[in-house]
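Here is a short briefing for a first look at this structure. Keep the sequence and the 3D view at hand while reading.

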Amino acid sequence: MIDTEYFTLHSLCEGVYAAIAKPGQGAWSNAGIVDLGDELLVFDALGTPSAGKELRCQAENITGKKVKYLINSHYHGDHVFGNQVFMDTTIIATSLTHKWCEEKNKIDDVEKEERGMEHYLLKLNNQIDATDDAILKKSLINQFNEMSKVLRDLHNMNILLPSVLFEEKLIIKGASRSVELYCLGGGHSPSDTFMYLPTEKIAFMGDLITEDLHVPIYDSTEFLSILQVVKQMDIEMMVPGHGGIGRMAMCDTILDYLSLLIQRATEAHHSKITREDFIADFEIPIQYQQWQGVNGIKANLSKVYTDLQPTR
């Protein structure tokens with residue numbers, strides 16, 4: 001294991017590494033490094049240019065090769081704000097991730113963006129002081145620390161967009177191994193890509209899989225269907241977007257979580273319970289009570305309820 005300021009680097013097998021983010025230090029999410037034999041691939045660029053620079057440095061130092069490919073799992077800043085460090089590489093994502101990255105991450109006025117982030121940090125700090133909920137406080141502190149690192153890098157940040165686009169599947173073949181990129185739709189974001197190494201049976205999942213986190217939901221039913229397909233794949237090791245390295249049980253946990261929310265929201269609609277009452281009366285099962293997230297489970301309850309709203 002290699003310890004850095006931003007992440008710890010774990011060897012999963014010869015030539016395959018997982019960068020596991022240290023909370024609040026500017027990496028903000030996990031990443032992957034894959035030696036293809038004659039070329040080097042990185043999965044996700046971390047949450048700041050500073051962390052992305054360290055990721056590339058470590059990748060090239062341990063392999064002795066230059067990065068050829070960068071994969072963006074989805075458009076969220078904690079996975080793409082390090083893109084600029086990979087300017088001379090081939091950055092790969094889906095066309096929808098490219099679109100959302102261009103629209104949502106664009107910085108037209110740095111000073112205005114800086115003022116907005118400073119206001120957000122002040123709001124977070126007030127929330128930290130106001131809450132007595134230990135889990136929420138921990139979530140808010142981590143959010144504050146990560147956003148502070150983004151603010152620190154903001155003046156040097158250049159939002160670099162993907163240059164090669166794919167839709168559902170892309171195979172990248174190297175001299176010693178191949179990787180498979182899959183996008184089965186959008187669950188956490190409008191378009192979620194994960195990477196599978198079929199020979200090694202390793203999957204880098206982006207935020208389709210997270211650990212002990214109320215990961216924000218974009219489309220609950222599509223999220224569920226994506227993970228049901230993943231469940232059928234021959235995967236022995238999973239690298240989540242946030243959290244520690246695990247196995248297929250991580251997928252089972254998120255499947256159970258989504259299934260519960262969908263079931264309860266469906267029942268609420270059948271009983272004509274309002275969204276407000278559904279959220280207020282929801283008793284969080286014990287297995288999810290320690291999960292983090294600045295919005296807790298409430299935002300996901302609201303989203304799933306809305307997703308399943310009967311059409312008239």
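Trp28 sits in the loop between strand 3 (16–21) and strand 4 (31–35). The model is a predicted one.

**Loop residues with positive phi**

- Trp28 is not a glycine, yet its phi is positive, at about 70°.
- Is Trp28 buried or exposed? Trp28 is buried, because its relative accessible area is 15% and the cut-off for buried is under 20%.
- Lys201 belongs to the loop between strand 11 (193–197) and strand 12 (202–204).
- Lys201 also has a positive phi, near 60°, and is a residue other than glycine.
- Lys201 has a relative accessible area of 25%, so it counts as partly exposed.

- Thr63 is part of helix 1.
- The relative accessibility of Thr63 is 16%, so Thr63 counts as buried.
- Between Thr63 and Val34 there are 9.2 Å from C-alpha to C-alpha, and the two are 29 residues apart in sequence.
- Which residues does Thr63 contact, leaving aside neighbours within four places in sequence? They are Tyr17, Asp35 and Leu40.
- Ser178 is in strand 10 (residues 178–183).
- Ser178 is partly exposed, because its relative accessible area is 25% and the buried class needs under 20%.
- The C-alpha atom of Ser178 is 9.4 Å from that of Val34, although 144 residues along the chain separate the two.
- Not counting residues up to four places away in sequence, Ser178 touches Ile171, Ile172, Lys173, Leu197 and Pro198.

**Helix 5**

- Helix 5 (residues 134–153) has 20 residues.
- From first C-alpha to last, helix 5 reaches 29 Å, close to the 28 Å expected at 1.5 Å a residue.
- Its buried residues are Ser139, Leu140, Gln143, Glu146, Met147, Lys149, Val150, Leu151 and Asp153.
- What do the buried residues of helix 5 pack against? They pack against helix 1 (49–63) and helix 4 (110–130).

**Helix 7**

- Helix 7 (residues 249–270) has 22 residues, which should span 32 Å at 1.5 Å a residue.
- The end C-alpha atoms of helix 7 are 31 Å apart, which agrees with that expectation.
- Buried residues of helix 7 include Met250, Cys251, Ile254, Leu255, Tyr257 and Leu258.
- Also among them are Leu260, Leu261, Ile262, Ala265, Ala268 and His269.
- The buried residues of helix 7 pack against helix 6, strand 13 (237–239), helix 8 and helix 9.

**Helix 6 against helix 7**

- Two packed helices are described by the angle between their axes and the distance between the axes.
- The axes of helix 6 (residues 220–231) and helix 7 come within 10 Å and cross at roughly 150°.
- That angle makes helix 6 roughly antiparallel to helix 7.
- The crossing of helix 6 past helix 7 is left-handed.
- On the helix 6 side, the contact has Ser220, Thr221, Phe223, Leu224, Leu227, Gln228, Val230 and Lys231.
- On the helix 7 side, it has Cys251, Asp252, Ile254, Leu255, Leu258, Ser259 and Ile262.
- The residues of this contact of helix 6 with helix 7 comprise 9 nonpolar, 4 polar and 2 charged.

**Helix 7 against helix 9**

- The axes of helix 7 and helix 9 come within 9 Å, and they cross at roughly 60°.
- Helix 7 is therefore oblique to helix 9.
- Helix 7 passes helix 9 in a crossing that is right-handed.
- Helix 7 brings Tyr257, Leu261, Ile262, Ala265, Ala268 and His269 to the contact, and helix 9 brings Asn300, Leu301, Val304 and Tyr305.
- How many residues of each kind make up the contact of helix 7 with helix 9? There are 8 nonpolar, 2 polar and no charged.

**Helix 9**

- Helix 9 (residues 298–307) has Asn300, Leu301, Ser302, Val304 and Tyr305 buried.
- The cover over the buried residues of helix 9 includes helix 6, helix 7 and helix 8 (275–281).

Technical notes:
Residues are numbered from 1 along each chain as its sequence is written. This is a predicted model: local features need pLDDT of at least 70, side-chain atom pairs count only at pLDDT 80 or more; totals for chains, interfaces and linings use all residues. Side-chain values use heavy atoms; hydrogens and water are left out. Helices (H or I, at least four residues) and strands (E, at least two) are DSSP runs, numbered from the N terminus. Buried means under 20% relative accessible area, exposed over 50%, partly exposed in between (1.4 Å probe, protein chains only). Contact means heavy atoms within 4.5 Å. Axes are lines fitted to C-alpha atoms, for helices over the stretch in contact, and angles run from 0 to 180 degrees between N-to-C directions. Angles under 35 degrees count as roughly parallel, over 145 as roughly antiparallel, 65 to 115 as roughly perpendicular and the rest as oblique. A crossing is left-handed if the near helix is turned anticlockwise from the far one by less than a right angle, and right-handed if clockwise. Ala, Val, Leu, Ile, Met, Phe, Trp, Tyr, Cys and Pro count as nonpolar, Asp, Glu, Lys and Arg as charged, and the others, Gly among them, as polar. The expected span of a helix is 1.5 Å times one less than its number of residues.
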